[in-house]
Amino acid sequence: MTSNTVSPDTKIDLTNCDREPIHILGHVQQFGCLIAVNSDWLVQHVSLNVADFLSKDPEALIGEPLRDIITADALQEIRSRVQRLDGDDAVERLFGVKLLTGLDEKFNTAVHMSGQSVIIEIEPQRAEMTSDYTSYVRPMIDRVRKARTVPELCKIAARQMKALTGFDRVMVYRFGADQSGEVIAEAVSPNVDSFFGLHYPASDIPQQARELYRRNLLRIISNVRETVSPIIPERGPEGAPLDLSMSGLRAVSPIHIEYLKNMGVDASLSVSILHREDLWGLFACHHYEPRVLSYEVRSAAELFAQLFSFVLGQLLADEASEHTRRVQVLHDKLMAQLAGGQSVRDHFPAIAEALSSVIPNDGVAAFVDGDFVTLGSTPSREEFMGIIRFLNTTAGGRAYATDELGAVHPPAQDYVNRAAGLLAVPVSRRPRDYVVLFRQEFTRKVNWAGNPEKAVTLGPNGARLTPRKSFETWQQTVTGQSMPWLKSEIAAAEQLRVTLLEVVLRMSDEANQDRMRANERQELLIAELNHRVRNILNLIRGLVGQSSREAGSVEELSTIIGNRVHALARAHDQLTEDNWGPASLQGLIRTETEAYLGNKASRVHVEGPDVFLMPNAFSTLSLVLHELTTNSAKYGALADSDGEIIITIRPEADDNLELEWRERGGPAVQAPKRQGFGTTIITRSIPHELGGTADIRYAFTGLEADFFIPAKHVSKFVNTAYAPTSTTPLSMAGESAQSGLQGPVLLVEDNMIIALDAEDILRDAGAESVSVCSSVREARQAMASTEFRIALLDVNLGNETSEPVAHDLQDNGTPFIFATGYGDSSVLSSKFPSVPVLKKPYNKADLLSALNSALSKD
């Protein structure tokens, strides 16, 4: 825009700032100079202040070979660094380089690519830090790693960054979901005002600036009042200005300069904080007089921010993992405790309490089969029926959340003091049945750094939003909203939806049907639960597998997590076989040891009677025994040919259970130097989940463990001798199985994540191509155009099954395999007796074994 009048059609909004070309301003700051060369190392552009640093005539340098300007050694170093550049946004640094013949002065340089040009940025070396800037960062990282929460981490990091850079104010600035920012930690010099807790509107950092922060991690403005140095010529041979996106010397937008002047800041430094490649926040540093940081200090600050981002990511991942674990525990508790319920009304307090333990709320209401129950602060029945009609208009089959119900459902404005926000979980396959969590209005005051509303003014660039002139605290009172629902809480609600659906359906059926019908429906519900839980477990395994591929993690991580998921699945099978009743500990020991040890399982001896455990204790013991068994196979008594394990089941007074684990004859045992997650499961699961005790001792002769399980988790003791069988261990099967698979493969699976994981396994096994279909119609279309070598069919495809596809494949003579989350596959076996059946969750070894079986019969 060039006109000084505002057209009536001109829209003045945040995009005016977003469209400012801040990456091609055509100038550099004065603390360094710039030279751009082409692929022949001939000078294309220079900044005019090159005369100040290299004593060269800028105009005379254009078109000259770089070798005539700097020393041969310097040129060689720069060329070698250009060859190391990896990616469009890569920058290489050189410290203490002698650029000029006959002079001892040293310079720091940065090299990066901009289109077809090589950009060389030059600064005099300053003596405030040696080039070994990494030595300054190590103790800084050691300090931040001691933090246990994100606020504590940011507070420590702000102090460390201030000590490193010497700026008057260092803030940790976090972006919100709406891209507004908040200062969540701060370190300031004496007599400097605090900005801690202040909010900044999204328009303060326009979209294209946020994108540059994501790409170029450090941005310094050494003096907002200096006259910047232009780059000549202004445009290259193709007519385009030089793109300075990755430049550290890049001049500053006039709008941003005006913003900093209005704030009273003379110099600033911004260092990006990334989380999973997204811009999470910034280290925002202010100084009240001009300040130039050496390239060594800036490099140290950038490295510190990158390592800080890694530590931050670990903390955030730990929080998410803990939340997921609590959701899984809640799932197990609900399924175990409410398996024999009569109605939603009878068990609603337990359901509400369980949900509240994971998702904080002020009230819970449920409407199931016409039964309306509430606990805490909720709308009335009439008001709730209005909410249900609104919820029926949202996307069905998934959780829905809002922290401002009155904005989307206006009648809710009348009872905002009771229910300002809600998180609704559908608990039926038809509309109207929901469990809803409510939060009351949370009136809060938001402190902004000045009025966030910006005025529209005319300037040399036309109509635009003007930077605020006042940064005095401007307070906004927010009403009509609840505390926001966190992403992790919404994800937890979605995970618990299946659990609640099964619980609600089961209780509803038992309350409304006679005993015979109730027993029949219970069997169906158990099978449905088995299918859904298996799908969830397989989904988790698939996600871990895909994530490890994308992140380039070691395969062992996926194997360990997959084995743990399989341990839970095997325990789940035993529970569902007994209608989610008490299950045999001897059976669990047999299943776990034989699944992973094969012939070595005969070296596991069980003494004492069998004991039947309640479902929640059974699930907990399955993970503990899995970790003990795998540790023994890797490091303990079963790691060689001589060792053995003695497990003693000992009834104690009042039907308490004492369980002993003794390893003998194996290699010498040493206590681990650090406690991993597996050791945590062994030592803390029983005390935390069951209220028992766990005592682990790393005796020189072998691991010893004693577990105490209270009587409330014990159903009965039975005098049954332990009798092991023999099988092939899963780990060996995974190592030795080969499918010999060739040609195209048909994969019918309606879950995308599971399909991606299965597709990878099939391709690794030798499949030429994999056609992924999610329905019978898609599968038949694929079969019409391709002759498949083999097919893998998920039995349950939502509202249909893959049985029609199976019949078509059978008629064509094409071998196939079934995959199912149902525990009982007898119906499939009767219709297709020779077809292998994979139970979910399956892993690579399971699938390869099924492929071998199916292809061998072809």
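In helix α5, M140, R143 and V144 meet L153, I156, A157, Q160, M161 and L164 of helix α6. To meet, or to be in contact, is to have heavy atoms within 4.5 Å. These contact residues divide into 7 nonpolar, 1 polar and 1 charged. Here Ala, Val, Leu, Ile, Met, Phe, Trp, Tyr, Cys and Pro count as nonpolar, Asp, Glu, Lys and Arg as charged, and the others, Gly among them, as polar.

This is a predicted model: local features need pLDDT of at least 70, side-chain atom pairs count only at pLDDT 80 or more, and totals for chains, interfaces and linings use all residues. Residues are numbered from 1 along each chain as its sequence is written, and side-chain values use heavy atoms, with hydrogens and water left out.

**The overall picture**

The protein has 24 helices and 35 strands. Helices (H or I, at least four residues) and strands (E, at least two) are DSSP runs, numbered from the N terminus. Of its 858 residues, 53% count as buried. Buried means under 20% relative accessible area, exposed means over 50%, and partly exposed lies in between (1.4 Å probe, protein chains only). Take the contacts between residues at least 6 apart in sequence: 68% of them join residues at least 24 apart.

**Two helix pairs**

How do α5 and α6 lie relative to each other? Helix α5 covers residues 134–144 and helix α6 covers residues 150–165; they pack at an angle of about 160°, with their axes 9 Å apart. Axes are lines fitted to C-alpha atoms, for helices over the stretch in contact, and angles run from 0 to 180 degrees between N-to-C directions. The two helices are therefore roughly antiparallel to each other. Angles under 35 degrees count as roughly parallel, over 145 as roughly antiparallel, 65 to 115 as roughly perpendicular and the rest as oblique. The crossing of α5 and α6 is right-handed. A crossing is right-handed if the near helix is turned clockwise from the far one by less than a right angle, and left-handed if anticlockwise.

Now take α21 (residues 776–785) and α22 (residues 803–812). Their packing angle is about 20°, and their axes are 9 Å apart. They are therefore roughly parallel to each other. Their crossing is right-handed. V776, A779, R780 and M783 in α21 meet P804, V805, D808, L809 and N812 in α22. This contact has 6 nonpolar, 1 polar and 2 charged residues.

**The cores**

In soluble globular proteins, nonpolar side chains tend to be buried together. A nonpolar core is a set of buried Ala, Val, Leu, Ile, Met, Phe, Trp, Tyr and Cys residues joined through side-chain atoms within 4.5 Å. The largest one has 47 residues, and M161, V172, F283 and F304 touch the most other members. Helix α9 (residues 295–337) gives the most to this core, with 9 residues. A second, separate core of 33 residues includes L588, A617, L623 and L690.

Leaving aside neighbours within four places in sequence, they include C154, A158, W280, L282 and F283.

Helix α11 (residues 381–391) also has buried residues: F384, M385, G386, I387, I388, F390 and L391. Among the elements that cover them are β14 (363–368), β15 (371–376) and α12 (405–408).

**Single residues**

S309 sits in helix α9. Leaving aside neighbours within four places in sequence, S309 is in contact with S272, I273 and L274. The C-alpha atoms of S309 and H275 are separated by 6.4 Å, although the two residues are 34 apart along the chain. T71 lies in the loop between α3 (58–61) and α4 (72–84). Not counting residues up to four places away in sequence, T71 touches K98, L99, L100 and T101.

| Residue | Relative accessibility | Class |
|---|---|---|
| S309 | 11% | buried |
| T71 | 16% | buried |
| D655 | 48% | partly exposed |
| N191 | 83% | exposed |

Most residues other than glycine have a negative phi, and most peptide bonds are trans. N191 is not a glycine, yet its phi is positive, about 70°. N191 is in the loop between β8 (181–188) and β9 (199–200). D655 also has a positive phi, near 65°, and is a residue other than glycine. D655 lies in the loop between β26 (644–651) and β27 (657–664).

Which residues does a cis peptide bond join? I232 and P233 are joined this way, with omega about -15°. P233 is in the loop between β11 (229–232) and α8 (254–263).
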